[in-house]
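Me: I've got a model open and want to go through it with you. Can we start with how the parts pack together?

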Amino acid sequence: MGTIRFEPCTLPPAAEALRAEVREFLTATLGDYSAIERAQSWTGTDADFSRKVGARGWIGMTWPKAYGGHERSALERYVVLEEMLAAGAPVAAHWVADRQSGPLLLRFGTEDQRKRFLPPIIRGESYFCIGMSEPDVGSDLASIRAKAEKTDGGWIVNGTKLWTSKAHYAHFMIALIRTGRDPDDRHAGLSQFLIDMGSSGITVRPIRNLIGEEQFNEVVFEDVFVPDDMLIGAAGAGWSQVTAELALERSGPDRYLSSYRLLVELIREIAKEPTERATIGVGRLVARLATLRQMSISVAGMIEAGASPALEGALVKELGGVFEQDIPRIAHDLIGAAPLAEGGGDFDRVLAYLTQASVAFSLRGGTREILRAIIARGLELR
Amino acid sequence: MNELQIILTETSARLFGEHVTKEVLEAAEKGAWPDDLWAAVEENGLTKPLVPDAQGGAGAGWAEAFVILHAAGSFAAPIPLAETIIAGRLLSLAGIDTPPGPLSVAPVGKAETLRLEAKGGGRIGGAASAVPWGGKVEHVAVLAEKEGELHVALIARDAYIAEGDRNIAGEARDRIIFDDSPVVAAAPAGDGITREAIWLMGALARVAQMAGGIGRILAESVRYANHREQFGRPIARFQAIQHQLAVLASHAAAADMAAESAALALDAGDAAFEIACAKVVTGEAAGLGAAIAHQVHGAIGFTYEHALHFITRRLWSWRAEFGAENAWAERIGRDVAARGADALWSDLTARQAG
């Protein structure tokens, strides 16, 4: 077993100075935002808000200036992200591009792709979605069937992507598509493409979730032409590129703050008459929150130092996902109020929302079972 | 880690690996004192990290004490190293020289009061319960009242009675009784030396030991799962086993993070919040981790023959000592409720800004 080490990391003064700016911005921008809107955390969408965040220089913060980025540190970026999440800001429009699509293009994209796609992302005007899973595929990405066939000047894509969050809203999809097959290697023959969601032949069908929201979608491709210059990296290298991309997805504060608004409303509720049982329940949650935050900052510190903390990121997501799901469970245990979809106070409404929404917190971006298998591999279980 | 932490980590691991054998652990449970182990620890300067250079210590901080105690926990070293380190801190803050040999501290229960005689102050009376290693050490450093003021006093083993309780790991948790007992030295307690301070240092020490122990049972469980074959393959291949070990790994990581952060916070100043968080998180991880390690080890891990229990029985003891999870969680919860819901985030980010 290798060593797992979360080096304690303190945010530098420059990052802390930025915190005050972000708080001021959020207070001014989200002044009348309700608790229930804030509870949507990073699934809430507001194009105007994303543009304002871009104007402040808080998207693509660590990316090179050559593409419009700001070359700030990973720790400064961390502060912006966690302040947005703690406030429940509607960051969903630009979130995926900032978190994973931009970094993917920086790593594997061509110079032309970076010049074309990164500046609008950084302005908060260009939104991305991630086309990975498919019908019957679930988490087993090596079995995807959507295919791209070579044609003059590009590729013809056919197939269906499923569970694609914000596909109805995004300008581009980064899709994992089959371009070949190797009977001896099921991870071979996959490629990543940038697909313009305005292309002809694309049908986006929203799928209502159990809360009644339309967040994720089925996306059908029928003879969609994708130009050659929209292939990301090498044809056939999709699997290793996606693996690197998903590691980026796992490590951020979005992986433990998704239910934060309910913790706040729970504290407001128990503070009215703090019983021993309720203070213990809240105290335990706050202890876990404080520890998760230190682990998440530690991961940001490792990224800033140029390391690739894939296992550490997976461990934070594992603990964070359990924490995010424990908050509604414990809130129910401590208060026992019926969650209300309509009426009631902030606590009832936020409890209702997160009791339902948190089901997905151990599914999205790879199920808990996949995550635990990744950790097991990191532990060198064989 | 700083350079001293790295050196101390390596020294501790080498030394405990050499001296904390199964035979030593079994003998310690039967009451034998591990002379060679203690001598090696003392010769290598691991007993006084918090005592200033000028007083014969290492002049380091809790960051360094943390790595020593983490290693001690990881090997289940059957010696009062945590207690000796805390006693050294207590004595040095009061300006009293720290004697060689194993030490303990009292009282560790908050309600008990020891009293130095008003005139002279050369004698002490009272009783303290659950004193770790109370009867096994050569001296005990105590907080005692003298005319309403707190003093630190040092008393030699032959000057008090110890009645032996033991925790489930076989570690002495004695009631010690002073009956007009002579003190070796006494002085007014230094700044910030209160019962609360002993309680916090004790909790931090147990947190460091538990974090080490949890890391060890993770490593042992991974090793066992990779070697033990069932149904024609190593049990590490079964998803049911993999997922349990992934959960254990996540809690081991949380315990380490919480514990080390608390140690660094105490070096920086007030660490009551960080130590409380660490005792909650590490205590939870200890209970859950021990359960998983035993489940993965199966029946063999339930035998006295197998060494797993030397760690797990300590984890079950340590998580309750110096305040169990709920006691610390209640403190945190009460403070958070009093500060109000909207202060939580700004309070947390301000505290962790260092």
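Me: How much area do domain 1 and domain 2 of chain B bury between them?
Reply: About 3,200 Å², with 62% of it on carbon and sulfur atoms. Keep in mind that this is a predicted model.

Me: Where are those two domains in chain B?
Reply: The domain assignment puts domain 1 at 3-188 and domain 2 at 195-351. Their C-alpha centres lie 23 Å apart. Domain 1 of chain B puts 36 residues into the contact, and domain 2 of chain B also puts in 36 residues.

Me: How many salt bridges between the two?
Reply: The count between domain 1 and domain 2 of chain B is six. As for a salt bridge in chain B, E29(B) and R313(B) meet through their side chains at 2.6 Å, N to O.

Me: And polar contacts between those domains?
Reply: There are 15 residue pairs in polar contact, both residues at pLDDT 80 or more.

Me: Which elements of domain 1 give two or more residues to the side touching domain 2?
Reply: In chain B they are α2 (22-29), α4 (62-75), α5 (81-93), β1 (103-106) and β4 (139-146). α4(B) gives the most, with eight residues. By class, that side of domain 1 has 19 nonpolar, seven polar and 10 charged residues.

Me: Switching to one residue. Where does G213(B) sit?
Reply: G213(B) is in helix α6 of chain B, residues 195-227.

Me: Buried or exposed?
Reply: G213(B) counts as buried, because its relative accessibility is 0%.

Me: What does G213(B) contact, leaving aside neighbours within four places in sequence?
Reply: G73(B), S74(B), I311(B) and L315(B).

Me: OK, chain A against chain B. How many residues are in contact?
Reply: 50 residues of chain A are in contact with 49 residues of chain B. The area buried between the chains is about 4,300 Å², and carbon and sulfur atoms give 68% of it. On the chain A side, R284(A), L381(A) and R382(A) lose the most area to chain B, together 15% of what that side buries.

Me: What does R284(A) form a salt bridge with?
Reply: R284(A) pairs with E284(B), the closest N and O atoms being 2.4 Å apart. The rule finds three salt bridges across the interface of chain A and chain B, along with 14 residue pairs in polar contact, both at pLDDT 80 or more.

Me: Which element gives the most to the chain A side?
Reply: α9(A), with 16 residues. By class, the side of chain A that touches chain B has 27 nonpolar, six polar and 17 charged residues.

Key
Residues numbered from 1 in each chain as written. Chains lettered and ligands numbered in written order. Predicted model: local features only at pLDDT ≥ 70, side-chain atom pairs only at ≥ 80, totals over all residues. Heavy atoms only, no water. Helix = DSSP H or I, 4+ residues; strand = E, 2+ residues; numbered from the N terminus. Buried < 20%, exposed > 50% of the residue type's maximum accessible area, 1.4 Å probe, protein only. Contact = heavy atoms within 4.5 Å. Buried area = accessible area lost by both parts, 1.4 Å probe. Salt bridge = Lys/Arg side-chain N within 4 Å of Asp/Glu carboxyl O. Polar contact = N/O pair within 3.5 Å; in protein donor to acceptor, adjacent residues only side chain to side chain. Nonpolar A, V, L, I, M, F, W, Y, C, P; charged D, E, K, R; others polar. Domains from an automatic or database assignment.
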